[in-house]
Amino acid sequence: WAGKEEVRDLINEKKGMEDWRPLAPICLAEDFHDYFTGEIEDSRFMLSLSKSKTDAIPAVTHVDNTSRVQVITSEEKLLSGVLEELRKLEMAPVIVNTSFNCAGEPIVESFLQAVASFKSMGFDYLISENDIFAKKKF
């Protein structure tokens with residue numbers, strides 16, 4: 001969830017990144033204009049910067065009040081479902097997006113690389129296209 005700066009700090013710590021390093025938001029297209037300025041079409045693949053309209057999402061708002069937003073649609077069932085649940089909880093329906101790699105490593109490209117990074121970063125869960133894995137299973 002993008003509503004707390006501590007989320008950004010925790011992710012950056014686990015990845016071995018500087019604590020100021022910005023993370024990016026993911027939101028549904030229907031929510032984009034509630035939280036950001038700019039064009040939805042430019043944000044599908046994180047190709048542009050948008051200004052944040054709110055202080056409700058500090059984990060993904062850079063010091064210059066911009067974000068490199070990724071917009072998704074309801075066709076992306078897993079992520080859109082998470083965003084809808086946040087809305088039901090009366091939380092900003094925006095989640096944190098970051099590359100899946102540790103500092104100094106290339107971005108993960110396979111499931112085996114994902115497992116190795118998951119183990120080294122110490123997160124509690126790894127979600128793949130087919131399953132959810134708890135730390136205990138590895």
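The second largest pocket of this predicted model holds about 230 Å³ of space, and of its 13 lining residues the closest to the centre are Pro-22, Leu-23, Ala-24, Arg-68 and Thr-98. A pocket here is an open set of points on a 1 Å grid over the protein atoms alone, with protein on both sides within 12 Å along at least five of seven lines, and lining residues have an atom within 4 Å of a point. A volume is the space filled by probe spheres set on the points, which are joined across faces, edges and corners.

The largest pocket holds about 1500 Å³, and of its 34 lining residues the closest to the centre are Val-96, Thr-98, Phe-100, Tyr-125 and Ile-127. Two or more lining residues come from each of α1 (5–15), α4, β5 (94–97), α5 (111–121) and β6, with α1 giving the largest share, 5 residues. These elements are DSSP runs numbered from the N terminus, helices (H or I) of at least four residues and strands (E) of at least two.

Tyr-125, in strand β6, counts as exposed because its relative accessibility is 55%, exposed being over 50% with a 1.4 Å probe and protein chains only.

Residues are numbered from 1 along each chain as its sequence is written. Local features need pLDDT of at least 70 and side-chain atom pairs pLDDT 80 or more, whereas totals for chains, interfaces and linings use all residues, and side-chain values use heavy atoms, with hydrogens and water left out.

Technical notes
Buried means under 20% relative accessible area, exposed over 50%, partly exposed in between (1.4 Å probe, protein chains only). On a 1 Å grid over the protein atoms alone, a cavity is a set of points where a 1.4 Å probe fits but cannot get out, and a pocket is an open set with protein on both sides within 12 Å along at least five of seven lines; lining residues have an atom within 4 Å of a point.
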